[in-house]
Amino acid sequence: MEIEIATIGGYEEVGRQMTAVRAGDDVVIFDMGLNLSQVLIHDNVETEKMHSLDLIDMGAIPDDRVMSDLEGDVKAIVPTHGHLDHIGAIPKLAHRYDAPIVAAPFTIELAKQQVEDETKFSGSFDNDFVKMEAGETMSIGDSGNVEMEFVHVTHSIIDAINPVLHTPEGAIVYGLDKRMDHSPVLEDPIDMERFREIGREGNGVLCYIEDCTNAGRKGRTPSESHARNHLEDTIRSIEDYDGGIVATTFSSHVSRVSSIVEFAKDIGRQPVLLGRSMEKYSGTAERLGFVDFPDDVGMYGHRKSVDRTFKRIMKEGKENFLPVVTGHQGEPRAMLTRMGRGETPYEIEDGDKVIFSARVIPEPTNEGQRYQSERLLRMQGARIYDEIHVSGHLREEGHYQMLDALQPQHVIPAHQDLQGFSPYVDLAESQGYALGRDLHVTRNGNMIQLVE
Ligand SMILES: [Zn+2]
């Protein structure tokens with residue numbers, strides 16, 4: 001059976017991930033993401049109102065025109081988890097393919113919401129949404145020879161999976177994005193046992209496509225429980241403070257949000273989640289049963305209800321609340337940035353605490369915006385508790401362990417630019433792979449034929 005891989009997006013950047021795998025006559029697309037930094041660099045760009053070709057030209061969504069060189073029919077579009085760099089282009093590109101979106105429950109729900117936001121303007125979307133849980137399989141195409149399986153992985157968003165395409169030539173493991181967490185918060189540990197089995201059964205693993213994000217960092221990525229302990233310790237240390245405490249983190253990181261909520265309750269404060277995306281991710285997770293927030297946790301997304309909540313907090317006393325807000329990267333329109341600029345009814349006073357349960361994404365725009373937001377908060381007297389965070393991506397030893405478990409014949413580094421690939425290439429070469437032979441560093445828009 002011919003096996004061919006099209007590297008469509010996310011091979012020159014972190015963002016707009018998209019890869020297609022052809023097994024005989026059947027094609028499966030993994031991820032269809034947005035590169036948000038290409039959007040945010042322009043003022044007032046509303047992607048909902050823009051056409052696909054303009055967004056492709058901007059570098060914001062994958063240039064999927066290379067798909068016309070791939071013979072065969074697309075049978076499924078498979079986003080691995082709910083981060084925008086993996087689902088954000090679904091409303092723009094998926095309708096060009098006569099195939100369902102197949103994903104884990106939380107991811108499906110987020111993808112649906114993306115599409116609903118979009119159809120306000122177009123309405124051409126009629127792909128089906130098919131839910132599939134980790135541990136389940138589905139057959140792909142009519143040959144009876146190709147099956148897709150979801151393996152549960154741990155990442156900085158709940159319900160992440162790595163899809164595995166089982167073909168007569170061996171398995172193709174699409175390994176974006178994960179860390180190896182054996183004591184996560186809100187969900188099961190990564191299913192390493194299954195990865196080890198896949199490495200040994202049948203013809204083994206033909207190809208492993210891997211997210212190289214932290215390959216250059218030594219050791220292994222700590223567990224989410226590490227960030228949780230750090231958070232608990234920090235919040236406990238300011239338990240006696242009788243002024244404002246505000247926390248910010250990734251809205252999509254529901255495990256982290258749930259830890260903050262829990263520790264806020266522990267110190268006798270009422271947690272309130274503020275900002276549109278806070279409400280979206282935590283509300284969706286609660287509705288689907290991934291998390292059970294205490295009954296008195298408020299979630300407010302709309303500007304008016306947020307400002308009303310801030311007024312209530314000021315009236316009833318800041319010492320009774322712990323707002324969890326958007327703006328951990330200093331995004332200009334996010335809640336914390338507005339608070340720093342004094343644009344909300346919440347007044348930050350001398351000695352108030354701001355907890356950043358995040359790390360600045362090392363990119364000049366973020367760094368600049370975050371610097372500015374932090375300066376504004378400090379000018380009002382805020383004390384900053386920074387970097388209470390662990391990454392969602394594997395480091396060097398995690399990558400080593402994955403190669404060891406899967407023993408793939410071919411490896412394709414992804415989710416980075418060339419510079420980001422290089423530490424992963426060093427690691428893979430130290431494990432016996434050779435660049436150009438079975439280790440394929442590539443760019444967006446290329447084809448790699450693995451079996452002719
Ligand atoms: Zn991710």
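Okay, some ground rules. Residues are numbered from 1 along each chain as its sequence is written, and side-chain values use heavy atoms, with hydrogens and water left out. Since the model is predicted, local features need pLDDT of at least 70 and side-chain atom pairs count only at pLDDT 80 or more, while totals for chains, interfaces and linings use all residues.

Let's start with the zinc ion. Which protein atoms are its donors? They are H81 (NE2), H83 (ND1), H155 (NE2) and D177 (OD), at 2.1 to 2.5 Å from the zinc ion. A donor here is an N, O or S atom within 2.8 Å of the metal (3.2 Å for Na, K and Ca), and water is not among the atoms, so sites may look incomplete. Along the chain, the donors follow the spacing H-x1-H-x71-H-x21-D. H81 sits in the loop between β4 (73-78) and α3 (84-87), and H155 in the loop between β8 (147-152) and β9, so this pair ties together parts 74 residues apart in sequence.

The angles among the four donor atoms go from 92 to 168°, and the site is irregular.

Are H81 and H155 buried or exposed? H81 is buried, with a relative accessible area of 0%, and H155 is buried too, at 3%. Buried means under 20% relative accessible area, exposed over 50%, partly exposed in between, using a 1.4 Å probe and protein chains only.

Next, strands and helices. Both are DSSP runs numbered from the N terminus: helices are H or I with at least four residues, strands are E with at least two. Two strands pair if DSSP finds at least two bridges between them.

β9 (residues 161-167) and β10 (residues 170-175) form a hairpin with two residues between them. Four bridges join β9 to β10, and they run antiparallel; T167 stands opposite G170 in β10. On to β11 (residues 205-211): five bridges join β10 to β11, this time parallel, and V173 has Y208 in β11 as its bridge partner. Six of the six residues of β10 are buried, so this strand is largely enclosed by the rest of the structure.

Now the open sheet. Six strands make it up, in the order β14-β13-β15-β12-β16-β17, and the pairing is parallel. At the edges stand β14 (298-300) and β17 (383-385), each with a single partner strand, so one side of each is left without a neighbour in the sheet. From one strand to the next, the twist averages 20°.

Contact means heavy atoms within 4.5 Å; axes are lines fitted to C-alpha atoms, for helices over the stretch in contact, and angles run from 0 to 180 degrees between N-to-C directions.

Definitions and conventions:
Four donors count as tetrahedral if all angles lie between 85 and 135 degrees; four count as square planar and six as octahedral if opposite donors are over 155 degrees apart and all others between 65 and 115; anything else is irregular.
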